[in-house]
Amino acid sequence: MSTEDQITRLEKRLAREKAARQQAEELLEEKSREIFEINEGLQENARLLGATVVNANDGVIITTADLDNGGPEIIYVNEAFTRISGYEPDEAIGKTPRILQGPDTDRKTLDKLRNSLGKGKPFKGELKNYTKDGESYWLDISIVPIRDKGGTITHFTAIERDITKQKKFEKELRQEKETAEKEVAERQRIEGQVQEYTDKLELMRFEALEAQKKAEEASEAKTEFLANMSHELRTPMNGIIGMAEMLMDSRLDTDQQENVETLHGSSENLLSILNDILDISKIEAGELEIETVPFHLGTAVRQVVQLFLPLATDKGITLDMERDDDVPSAVVGDLGRIQQVLRNLISNALKFTEEGNITVVLRATTNSETPSLYLAVEDTGVGIPKDKLDKIFEKFTQADTSVTRKFGGTGLGLAITQQLVELMGGEIGVDSLEGQGSTFWFTIPLTMADEASVPVNLYDEKQGTTDIELSKNLRILAVDDHPINQTFAKKLLKKLGFSHVDLAENGQQALDMIAANSYDIVLMDCQMPELDGYQATTLLREREQKTGEHLPVVALTANAMIGDKEKCLKAGMDDYLSKPIKPDKLIAAMKKWAEPNDVTEAPDIELQAEPEVSEAGSEIMDWDRLRMFTDDDPEEEKALIEMFITYAEESLEILKNCQDGEDEEWKKAAHKLKGSAANLGAQALSDVCMEAEQGFDQDKGSKEEILTGILASYEQVTNLLNKEKIGA
Amino acid sequence: MKGIVFTELFDMVEGLFGANMVDDVLDDCELESGGAYTAVGTYDHNELLQIVGALSKHTDMPVKDLVHKYGHHLFFRFHEIMPVFFEKPQSAFEFLESVHDYIHVEVKKLYPDAALPHFETERNGDDKLIMVYKSRCPFADFAEGLIHGCVEFYKEKIDIQSEDKNTDEEYSRIFTLVKQ
Ligand SMILES: Cc1cc2nc3c(=O)[nH]c(=O)nc-3n(C[C@H](O)[C@H](O)[C@H](O)COP(=O)(O)O)c2cc1C
């Protein structure tokens, strides 16, 4: 190779090397620039991170990864750390974070922390730490491991936030919440209780309402029932009493007389009880009305006192009346009610007084703004124990229950009395000393009658007319719509010896008959169809105005209501008789009012004067007696006979069963048959039955003998009765 | 392809055949780089193929042998240039195993744009190692040279078998190394 070539080759090589060096230099420059730029970026990042860490609000601690051997060792803390803990960086770096711990740092949390970090896991929790000055504070601490590329942990970084205030706030909040919750719970408890009580109350209220409703319904039903019942019962009671009175007036042996008297007394008693019940029912039902009529006060009181005079005299008790001078004579009020109250009080006083006196006091207070009447019944009786005083006016209460047994009574009397007084706008009271006596008093507002008015009870002044002899020829008109009542009235009058008796069915018929005939007295039923007794009497009185005549009219009414009498008097009737009509009362009324034109002979009302009954066994049937009951009415007779046979058969069934020795059943059956046979007029049968009644304790043989007698006698009676029945 | 492969090749050629051979080879090639290489630069791998082709012509040696020889040579050179990679591995197997997981990782850090072949290994007991070479460049022979260099470097007796598994997408060769 030539030198030239050699040089060319070397030059080429040199050029290649230069080019390579240039490339290398360019690459180098490029890389340097890259490195510089990267470095710049890194520095910026580090600056930002550093500033962030340094200026962070939260404390930042970086430690070595060595957890044991006194580690971890703090290698960096930021400013916030110093602010929170009080340790300057040079006081902390090289130490362990344990310097921050103290007595109240929770060991369990530290164990958890160590456990997490030991496994290379981050930790987050709350810890109590202490400042350099020993003050405690709460940290929210979050520690994360820092790993190198190979994943090995090289450091730990902790970010710590001071949560002392937050904790305190939380605690306060929690306490507040707790108190609030407690309050709420307490309130709920109370509300629950209140609700429970309310529920209970509501239930009780509901039950009470139900009970009240039921009670009210029951009470209403009871009142209504009682009112109906007593009314219904009164009608048959009237029949019983009337019949008993008639029986009493018929020929009876002593035994029968006694029995009938008991029957009569019990019936009267029962009727008065019924009246009481009816009264209280009416009062409770609010159906009772208070009337205002002008009446003579003195007369009214005297009448009541007189009523009780015989009873008081019987008991040996003085019954008198004390009346102040300033008590007005004519007043306006409910005459009947005032009399009823007085009657109740006097009858009560009589019940409980064995000796001494009963005084009825009558006073008036006229000078006050509310003038009033004062009436009192003073007695010297047993008196009322103090503890019973305030209950004395209650229903069904008597001072002593034994009183009920001894004196009878419904226990309604005083309750009715009180109600009546209150209804009249008055007041009632009692003063009593046990063993000394009682004073029952009542007041009622006083209203004077005006001078023009005529007191309704003025006629009652017509006293002492009972002595007038009654003529058997008295012409009587009995007005009643009911056939049975008509029969009864006619029969009674006939029995009393009056034969001139006419019957009218209603008011109009009565007026017509009065116009056509002349009568001495009219017995007037009040309730009648078409024209009732009141209307008829009013019309009669109007008619009489022209003639100046006065035909006495005596009202007959089943209405036992007090006040009816006043109604009658108002209508112009002269007197009032409540059914059942008692013969003696009827006679008394007729004696009082009837002024016969010609007095002939006195009526034979002496029943004893009638012929004696024939000896036992001599007569099978007393037809007169039977007919007295049936008034010759074949229908009635038939019915009575059938009834007798039915009862008799019943008794005979029992009598046919004869046994040795005492047999109460047998005795009762005999007694029953004895009674009904006697009533019918089958005296012989009645007598054998009496023999049986007395021989109820004999042996079988004797009883069978008596029975044969009874059966024989019964057969005779039935034979006769059957003939009569067929004949009828 | 990293510039070092070119500079080291030229150094070896100079040593074996003299500097003129390098000039002759370069004169024969049409190179984009103009034949000026620096170790830290990056060049088209086709330039290497041209150079090796020209070298084969001038030296009358097959390309395969040349490349194989160069690989063997380069391994020893690596030991001189980059001793860090030799700190840990104590045997040929250990070194070969570190290529993929360690050496290539480090190379990537320095030269993020370096296109490195895939080099997986699989130990089969103490005595057997299977290495799979995968690349888009046809340098399996070069790799085989390096492996032989490695075995020789650690002065071990290892039998090396190879089998090509090329596909349409890449070149692949499986090396089976068995200790003797
Ligand atoms: C990064 C880091 C920061 C810590 N900061 C605190 C701290 O502020 N307060 C504290 O009580 N402990 C802190 N500790 C926890 C203690 O250093 C220690 O780990 C803990 O007391 C548990 O370990 P011991 O059981 O050995 O005491 C920190 C730990 C680490 C790793």
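A salt bridge here is a side-chain nitrogen of Lys or Arg within 4 Å of a carboxyl oxygen of Asp or Glu. All views show a predicted model.

**View 1. Arg16(A) and Asp23(B) pair across the two chains.** These residues form a salt bridge. Their closest N and O atoms are 2.9 Å apart, which falls within the 4 Å cut-off. Helix H2 of chain B, residues 19–28, gives the most to the side of chain B that touches chain A. Its share is 7 residues. By class, that side of chain B divides into 9 nonpolar, 6 polar and 3 charged residues.

**View 2. Asp27(B) and Lys12(A) form a salt bridge.** The closest N and O atoms of this pair lie 3.3 Å apart. Asp27(B) sits in helix H2 of chain B and Lys12(A) in helix H1 of chain A (residues 3–55), so the pair joins two chains. Side chains of opposite charge can pair when their charged atoms come close. The count between chain B and chain A is 5 salt bridges. Over all chains, the structure holds 34.

**View 3. Chain B meets chain A through 18 of its residues.** The area buried between the two chains is about 1,000 Å². Carbon and sulfur atoms give 46% of that area. Which three residues supply more than any other three of the area that chain B buries against chain A? They are Asp23(B), Ala36(B) and Thr38(B), with 40%. Polar contacts also link the chains: 9 residue pairs are counted between chain B and chain A, both residues at pLDDT 80 or more.

**View 4. Helices H8 and H11 of chain A cross.** H8(A) spans residues 335–351 and H11(A) residues 413–423. Their axes come within 10 Å. The crossing angle is roughly 150 degrees. H8(A) passes H11(A) in a left-handed crossing.

**View 5. Residues at the contact of H8(A) with H11(A).** H8(A) contributes Arg337(A), Gln340(A), Val341(A), Asn344(A), Leu345(A) and Asn348(A). H11(A) contributes Gly413(A), Leu414(A), Ile416(A), Thr417(A), Leu420(A) and Val421(A).

Notes
Residues numbered from 1 in each chain as written. Chains lettered and ligands numbered in written order. Predicted model: local features only at pLDDT ≥ 70, side-chain atom pairs only at ≥ 80, totals over all residues. Heavy atoms only, no water. Contact = heavy atoms within 4.5 Å. Buried area = accessible area lost by both parts, 1.4 Å probe. Polar contact = N/O pair within 3.5 Å; in protein donor to acceptor, adjacent residues only side chain to side chain. Helix = DSSP H or I, 4+ residues; strand = E, 2+ residues; numbered from the N terminus. Nonpolar A, V, L, I, M, F, W, Y, C, P; charged D, E, K, R; others polar. Axes fitted to C-alpha atoms, helices over the stretch in contact; angles between N-to-C directions. Left-handed = near helix turned anticlockwise from the far one by under 90°.
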